[in-house]
Amino acid sequence: LKSLRRFVFQMTGSSFPTLCETDEGKACVIKMKGAGNGPRSLISEFVVNETAGALGWPVPQVFPIEIPPNFPWSFGTDEFDDLVKKSFGVNLGFELIPEAKTLTLPETQKLSGEFKSILIALDLFFVNFDRTAKSQNILQDKDGQNWIIDHGSCLALQTTRSFPFGLPPDHIFASYPRELAPLIREKLQMLVEFADYVEIFEKIPMEWLTESGLLLADLRKNWLWQRQEAAAFSL
Ligand SMILES: Nc1ncnc2c1ncn2[C@@H]1O[C@H](COP(=O)(O)OP(=O)(O)OP(=O)(O)O)[C@@H](O)[C@H]1O
Ligand SMILES: [Mg+2]
């Protein structure tokens, strides 16, 4: 398990993503379980990024990272330090996307069909409600490569309810062109056939499950349901 050495810079985001350094001296972004939706968001980030990463899709790598108990005050405001105190234990680290910038809305609309279809399939499959004009959650690195980020609001992995299959009306690609449909089906098929979900579920840090009150059995049930819906769509 990696461990936090120091906080470096607080980024802009409702879940207080923060640039930090691991005990091995590597830079990464940390999201803490003490923020907002806490461990539920971390579970959702973890499962979606692990799945997409295994399929070779452009998401940052994720890994659990420990904030050692009694990590001393060292950075930011009192509010930030309260968050750190609430987050002693296992949190989530993200590979740093170097010199990342956010795209403008017109730039987003010009992304390739391949990229859009991956993003749409992920958001459909995991019921992501957080991909709006205000919060597109797509980054471009210094080499011009685009990355899909922020999977902390994927409802299929946060609740025990099931959801109708479809993009929310305020999704940036809610009205995608019809020619994209075959590409989206192809990506959904990959998500339906992906064989390692259970292995990923089993890697979810136990304390996130305990603290969020989510049961692995419920996660599996919802995911199975989404998988059936996706399978029906992609026929
Ligand atoms: N892996 C990363 N590499 C570099 N920068 C990142 C990374 N993850 C997040 N960021 C930066 O932090 C910002 C917020 O990230 P993200 O959208 O994941 O957080 P959030 O708190 O969930 O956001 P929101 O305000 O949309 O709820 C991004 O726009 C980006 O600038
Ligand atoms: Mg965001």
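Reply: Happy to! This is a predicted model, where local features need pLDDT of at least 70 and side-chain atom pairs count only at pLDDT 80 or more, while totals for chains, interfaces and linings use all residues. Residues are numbered from 1 along each chain as its sequence is written, chains are lettered from A and ligands numbered from 1 in the order in which they are written, and side-chain values use heavy atoms, with hydrogens and water left out.

Me: What makes a space a cavity, and how many of 30 Å³ or more are there?

Reply: On a 1 Å grid over the protein atoms alone, a cavity is a set of points where a 1.4 Å probe fits but cannot get out, whereas a pocket is an open set with protein on both sides within 12 Å along at least five of seven lines. Points are joined across faces, edges and corners, and the volume is the space filled by probe spheres set on them.

Me: How do you know which residues line the largest cavity?

Reply: A lining residue has an atom within 4 Å of a point. Those lining the largest cavity include Asp123, Leu124, Val127, Phe165 and Gln226. The lining has seven nonpolar, three polar and one charged residue; Ala, Val, Leu, Ile, Met, Phe, Trp, Tyr, Cys and Pro count as nonpolar, Asp, Glu, Lys and Arg as charged, and the others, Gly among them, as polar.

Me: What lines the largest pocket?

Reply: This pocket holds about 880 Å³ of space. It is lined by 37 residues, and the closest to its centre are Thr12, Pro17, Lys31, Asn137 and Ile149. H1 gives the most to that lining, with four residues. By class, the lining has 16 nonpolar, 14 polar and seven charged residues.

Me: Why is H4 called largely enclosed?

Reply: Helices (H or I, at least four residues) and strands (E, at least two) are DSSP runs, numbered from the N terminus. Buried means under 20% relative accessible area, exposed over 50%, and partly exposed in between, with a 1.4 Å probe and protein chains only. Twelve of the 14 residues of H4 are buried, so the rest of the structure largely encloses this helix. Among them are Phe115, Asp123 and Leu124. Just after H4, valine 127 has a positive phi of about 55°.

Me: Why is asparagine 37 called partly exposed?

Reply: Its relative accessibility is 48%, so asparagine 37 counts as partly exposed. This residue sits in the loop between E3 and H1.

Me: How do you know that the span of H8 agrees with what a helix should have?

Reply: The expected span is 1.5 Å times one less than the number of residues. For the 18 residues of H8 (residues 216-233) that gives 26 Å, and the end C-alpha atoms are 26 Å apart, so the two agree.

Me: What puts the buried residues of H8 on the same side?

Reply: The buried residues of H8 are Asp218, Leu219, Asn222, Trp223, Gln226 and Ala230. They cover an arc of only 125° around the axis, which puts them on the same side of H8; the arc is that of the directions from the helix axis to the C-beta atoms. The face turned away from this buried side carries exposed Ala217, Lys221, Gln228 and Ala232.
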